[in-house]
Amino acid sequence: MYNYEWDKATGGYILLPTKITGVSKEVRPVFFEELRFLGLDKDYGWKFADCEQPLMWAEARRYFYKGELVCEASGGGLYEMPILKNVVQNLVIEPVDVETMLFKNESIMNGLVQKTLKTTYKNYLEYKPRVSMFYVAYSGGKDSIVMLDIVQRAIPHDEFVVVFGDTTMELQTTYNALNEAKQRWNTLEWHEARADFNAEESWKKIGFPARKLRWCCSVHKTAPSIKKLKEIYRQKYPDNSKPFKVMVFDGVRAEESDARSTYTMVSDGNKHAVQYNCSPILDWGSCELFLYIFKYHLLFNKLYRYGAYRVGCKLCPMASEWYECVINHVYPDEVAPLLNIVSSSITKSFASVNERQKYLQSGGWKSRIGGKELMIGGNKITEIKTKDSVKLIVTDSNYAWDKWMSTIGDVVKIDDNMYSIHYKDINMDFSVRIEKNATVLTLPALIRSPLSVRFMYLFKNALSKAAYCVNCGECMAECAFGALSISKDDITIEGCKHCERCLDSSKGCITARSLGITGGGNNMSVKNISRYQNFGFRQEWLELYFELLDDFWANERMGKYMIVGFKTWLKESGITENNALTVLGTKLRELGSDSPTTWGIIYTNLCYESPIVNWYATKLEVGRTYFADDLPILLGDEFSPTVKKNALSSLKETLRLSPIGWLLLQGECEVKGKNVTSVTKGIWDDADPIVILYTLYLFAEKMDGMYSFTLSDLLDDSDEREGLSPRSIFGIERETLKPILQGLANNYSDYIQVDFNKGIMENIDLPAGKKGKTAIDVLSLI
């Protein structure tokens, strides 16, 4: 990339001998269409002709005419025009003298172009023995058009093909550019590649793409292109059985982003394992690019004439506000269908058109990281781990559980419900039970080793693919041996070499990543206060779980979001670990879901493990009534209104629909309809002494094994310490607590001893704790 300076004589720029590296400000030509789009003629008196030549230049959104800054634009979005500032009034504009500008830059550009042609040819010769074929990825944008012209000048035309990846999300201007390109280079071999279903179908099946879920490029561009190339290769070389590998010449440039600035000229498997990427114009800047386009009169996608920096899809999660502003104001009818899919497929409802537009423009839809916000989102696989086994419960699977298992190794049926699978040095027998609503696979717990970890990763991914697969074809592109065939209706696996590429990604499937719901699980940060899908800890759900146990995860009485939210409550209450019943959970199940002791233990654990319950227990005063409208204010400004609303909704429902609120008196609710209008925080006066002893042992464990302390130490509930007293949890004051502790000491002296007869020293000792007993062991006293 060369530096540049403005040239007042031509209205253009002159490249300087000094080079720059990394990401730089992109220079682009500005045409009359963009100036009219911004209203600079009507609102600011600018005068210019409707001509083909550029009128000025822009560095991003700063406009320069003959080297002088004449306007700046900021803001804007899908439904808002940008704000203009520092605008020179009544500017009379002459077109750029392109021919003279080209002449002044001829020396540097000739050297750059010759070097690029030689590099392209050199890479072609070097990789020709290694690859099945070469192709140019044409997108209809400025970079790919330059790349295409460079390659067709450097390499014989019969040595490569041109593939246009039709995502079905292209603007009409791009299809127009494609047709013009085909006419100009009519001696080249052109192909179009598209997925078996269009973008509107895939957005509805997989969920609209997001910044961290950019499945759309793989499904609609790269994978169909690779599939098309395989078809071409088989037609040309039907008897060649060597692994398939191609080299693509792409228009990637380092100037475009921080990520691309780290790319190398040639990369192996950068996007797909069966593909080398060669980027001959990697070090070109936009200045050089446009000089080349103007010199050789290359085609120019009309979208650039309205101010777009790049040409992309109609709607993209990575698009800038400026790009969205341009396309939705200039081509609103083309963008509308995808916007409608976004707004109609989320769980959020809109009170008005303005509210919907505000949501879409703010880009909230772009930040999703799973299926939580989607109507079709949900978890299809629940994993239950115990010491001896791993149970995988699959519900609502799109394919039979074994559809993808052959990609791991041979699967043999031993009897009606027993199977065996072979993977390298592992031979594992496992059972499969097919029920009305679910398929349950029970595997033995393998001795942990790198090989067993890899095997379990692949096994779960194969199961995930069967559950979520919508035949998108993305993983088919990864198969270098042609063993995987995916049509719109079925999947065929024949001659698999077990290279594992089709399984080797998070959850094994892009649809699983897109639709799966993370319930909060391992992220226990205090800031993550909203992780229950807006649902509380309901007594009826606990009763159902205690009844069904592992079969609970496939029950039809609860919705998918209810199960995800309740899974988090169970984990935080200590009832489950890895979705399996814990020792504590087993004891509470024996006590039952109606027992005050059960709920006392649950609430104690939630005060430690649930940030929203911890806030409620430790920050709100006992004996006060709190109106629902006051709770978001008390929660503070650290969280967004939506996060606060969701977290408090879960908290209020817990208090309303479990004995925590009405039996333990931790939150008696006034209700209007189904809405909690106020919460009164009370005291559990008749607390179960065993629960209090449990809180003492848990307190000692959280205080790093402090099994001797005074009553004053216990009740010193400062913000700095992790341990919580019975006063913090249940509102029990000193005078009520002392006789409870004395009674415990009388009945369970092995677990607690107290000395309240030495004046101000009120000592509490937990001798069993010093001998290794834990809070859970306290429950054996029941």
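Predicted model: local features only at pLDDT ≥ 70, side-chain atom pairs only at ≥ 80, totals over all residues.
Reader: Which residue is the bridge partner of Ser-267 in strand 13?

Author: Residues are numbered from 1 along each chain as its sequence is written, and side-chain values use heavy atoms, leaving out hydrogens and water. Strand 12 (residues 266-268) runs antiparallel to strand 13, with three bridges joining them; DSSP has to find at least two bridges for two strands to pair. Within strand 13, the partner of Ser-267 is Asn-277.

Reader: And which residue in strand 13 does Phe-249 stand opposite?

Author: That takes us to strand 11 (residues 246-249), joined to strand 13 by four bridges. These two run parallel. Phe-249 stands opposite Cys-278.

Reader: Are the residues on the two faces of strand 13 buried or exposed?

Author: In a regular strand, side chains alternate between the two faces of the sheet. For strand 13 (residues 275-278), Gln-275 and Asn-277 sit on one side, with Tyr-276 and Cys-278 on the other. The cut-offs are under 20% relative accessible area for buried, over 50% for exposed and partly exposed in between, with a 1.4 Å probe and protein chains only. Both faces are covered, and all four of these residues are buried.

Reader: Which residue in strand 5 is the bridge partner of Glu-59?

Author: Glu-59 belongs to strand 4 (residues 56-59), where it points the same way as Trp-57, while Met-56 and Ala-58 point the other way, and all are buried. Four bridges join strand 4 to the antiparallel strand 3 (residues 27-30), with Val-27 partnered by Glu-59. Strand 4 also pairs with strand 5 (residues 62-65) in the antiparallel sense over three bridges. There, Glu-59 has as its partner Arg-62.

Reader: Which residue in the turn between strand 4 and strand 5 has a positive phi?

Author: The two strands form a hairpin with two residues between them. The phi in question is about 60°, and it belongs to Ala-60.

Reader: Why does Tyr-323 count as buried?

Author: Tyr-323 is in helix 10 (residues 321-330); helices here are DSSP runs of H or I with at least four residues, strands are E runs with at least two, and both are numbered from the N terminus. Setting aside neighbours within four places in sequence, Tyr-323 has contacts (heavy atoms within 4.5 Å) that include Leu-171, Leu-303 and Val-311. Tyr-323 counts as buried because its relative accessibility is 9%.

Reader: How far apart are the mean positions of the positive and negative charges?

Author: Lys and Arg count as positive and Asp and Glu as negative, leaving out His and the chain ends. Each charge is placed at NZ of Lys, CZ of Arg, CG of Asp or CD of Glu. With 94 positive and 99 negative charges in the chain, the mean positions are apart by 3 Å.

Reader: Which element has the lowest mean pLDDT?

Author: The chain averages 92, with 96% of its residues at 70 or more. Over residues 520-526 the pLDDT is below 50, and this stretch has 14 contacts beyond near neighbours in sequence. Among the elements, helix 1 (residues 32-37) has the highest mean at 98, while the lowest, 81, goes to strand 28 (residues 753-758).

Key: pLDDT = per-residue confidence, 0-100.
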